[in-house]
Amino acid sequence: MNVSDITEAIADLEDERALSLVEEALAAGLDPVDILQNGIVAGLREIGRRFDAEEYYLAELMMGGKLSQECIALVEPHMPAGSGAKSGVVILGAVQGDLHDIGYKLVSTQLKLAGYEVHEIGVNVAPMTFVQKAQELKADIIGLSAFLITTLPLCGEVVNYLRDMGIRDNHRVIIGGAEASHGASESMGCDGYAPNAVQSVILCDRLMGRAATA
Amino acid sequence: MISILEFQRRSETGPVMEVNDFDMLVGKRMREIVKKYGITYNPEELVVDDETADKVFQAAVEYMSTVGLYNVSTFRQIQFTKEEIEEIARDYRENHRTQVFGTGKEEILIKPRTSQDTWAPIAMVGSTGPIQQDWHIPFTQLLAQEPTNHGLGCSGCGVSVDGIEPKAGTVTELHCALWEQEALLEGLRRAGREGMHLGVLATVFTFGGVAAVMQNGLRNKYNTQLGIHLMAEQKLDYSRLLTAYFCEQNGMQPWTSATAIIGGLTGSPAGTAVGLLGNLIGQLAFGHGNLGSLFTSHLGGNSGTREACWVYSAAGRAVERHIQVPLGGTASANHYYRGTRVCFYQQLASMTALTASGLAYLWSVGATGLETRVCVNAMQGISGMPRDKVNTLLNTILAKVDEVMPEETRTERYRELPEFYDLKTLKPKPEFLATVKQATEDLADMGVPYSSELVID
């Protein structure tokens, strides 16, 4: 078999076929790094390409993300030590009062494609919950989604907690959503604003001191 | 009809699932359903035929009876049977709802409308994006002083009041909302239209805040709707059920505003149309409102496109044929091009598609008073226009959008009223006036049937 078959199965969202191909590849003794990079990640990239071309939509992105995580879970135990370095840990959610989740789910999918460990903590999340989750998960970046004028100020609350608790330097804070902007980010003391999901990867890469992957 | 109490029971007893699993269910089922019913987006026929409208309705019934809603407060799916969905549609179809808003000389009646009716939809207006305190009152006045505007669909949301930002769920939210209601009423007074409908209460979202504003007497039953709208896709929480119950018990109208996003979980324009209708049915099921409204955009916020026009028409015509609730829609555009021909053409295209698809009231969002004057004038001429003629007109307008878009500048943020109007004289600035005149002439050349009463000044 060829790892490109895995790429194709993931890109076509064929769950059972993709998982069995990964198992077959491991059983056949193929290089797990090759399976990961040239099979699974390549499949995810193809999903991203189809999304950009409007052949796929948000649901396909989410399905692809879930399928790839299941495939990666099969490969991970076989990976050589030190080869699974992730880009960073990000927690994402919509701030208190905000139930809009489509935007941050897009961001979540794009960040996962770029190798980030992403934890979605839901909608209508209180500022302190973001802080507690960031500490618990040792998050490098806290991503805040605010769709409304009345919920945007809640992003600043998260920054205020981090500052007042003396842990501001432990976590970067980024914002997005219909009412967010560069100006709002600066005025609230956040570390950046991304107008869309692709830009969010570039922003996170910059904050993590990495060359852009998007 | 299903009672609101029954919605709570189903919210507490339905299948438990993670929100992401519900989202996946939405996505997967929608693709299966769209394929099963053979619904396809046709850019040549943006106002859809009867067959497409019927398929969209049937697909929405199946979608709602297999996916249902999701209560984020309880992490449970709210399920319906096919018979319950059909019964809701039948009840609306056989017992037509109407709604009166406004008072005195500003009283308006909203009733069901069809795509063949020659009378124009009720003209609502309102904002898109934030309103600054210094132009809040002039903005309302500008919209209200246009005699052809009947009411405000959404009165906008202020950024701050004397430096205090409205923060959801806190005292500042209510503080700013109270100031805003005074400002809205002042805008109406200056225009001599105190009794005008003000639409959905926008700044204040929490249930406690809504109750406080109502109790204060700044808003009344005749000029207010309260938001119970589902989030895309198909999600509600207890605050929506509480507000629906409050409306029902106090004789108020809920703001039943369906949303589905093109490219989102429901995917293609075909899936989005089905999702939009399903979302509307879900809200009618628990909100029991006399009105419904539709909103769609692309993921990036763009509206007024071919896809958006088609989605509006497919869902709107399905309502016309199978539910017949008085339906509102958003004559919208890509507001990052505000003040340019792109925005103006797209708004006219949206309005045309909605008017020709049987909508009963239209909300020209984000437009200035002058723009709404032009839009409403065109709406009169488009009402009753044959479907093939409308489709030709839409394709002409949207081809023009394709042509001029590369020549115009897309801004990062919405441009605000003071860029277009002199706030002291309340007159459009010369450059904006010239753009509106030119765009109107272009649209007339394309076949938009303006009446001779239209004066642009």
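Student: Why does A:V75 count as buried?
Tutor: Because A:V75 has 20 C-beta neighbours inside 10 Å, and a residue is buried if 20 or more other C-beta atoms lie within 10 Å of its own (exposed: 12 or fewer; partly exposed: in between; C-beta atoms are placed from the backbone). So A:V75 counts as buried.
Tutor: Before we go on, this is a predicted model, where local features need pLDDT of at least 70 and side-chain atom pairs count only at pLDDT 80 or more, while totals for chains, interfaces and linings use all residues. Residues are numbered from 1 along each chain as its sequence is written, and chains are lettered from A and ligands numbered from 1 in the order in which they are written.

Student: Where is A:V75, and which residues is A:V75 in contact with?
Tutor: You'll find A:V75 in helix 4 of chain A; helices (H or I, at least four residues) and strands (E, at least two) are DSSP runs, numbered from the N terminus. Contact needs C-beta atoms, placed from the backbone, within 7 Å. Leaving aside neighbours within four places in sequence, A:V75 has A:V22, A:L26, A:P32, A:I35 and A:L36 as contacts. As for A:N124, 49 residues along the chain from A:V75, the two C-alpha atoms are 35 Å apart.

Student: What domains does chain A have, and how many residues are in contact between them?
Tutor: The assignment, automatic or from a database, gives domain 1 (3-78) and domain 2 (88-207). Their centres, taken over C-alpha atoms, are 28 Å apart, and 6 residues of domain 1 of chain A are in contact with 6 of domain 2 of chain A. On the domain 1 side, helix 3 (32-52) and helix 4 of chain A give two or more residues, with helix 4 giving the most, 4 residues.

Student: Which helix of chain A gives the most to the side that touches chain B?
Tutor: Helix 4 again, with 4 residues. In total, 24 residues of chain A are in contact with 32 residues of chain B.

Student: What joins strand 14 of chain B to strand 13 and to strand 15 of chain B?
Tutor: Bridges: 3 with strand 13 (292-298) and 4 with strand 15 (361-365). Each count reaches at least two, so both count as pairs. B:S293 stands opposite B:G328, while B:T330 has B:W363 as its partner in strand 15 of chain B.

Student: Why is a crossover called right-handed?
Tutor: Because, with the strands pointing away from you, the path from the first strand over the helix to the second runs clockwise. Strand 14, helix 11 (341-355) and strand 15 of chain B make a right-handed β-α-β unit.

Technical notes. Contact = placed C-beta atoms within 7 Å.
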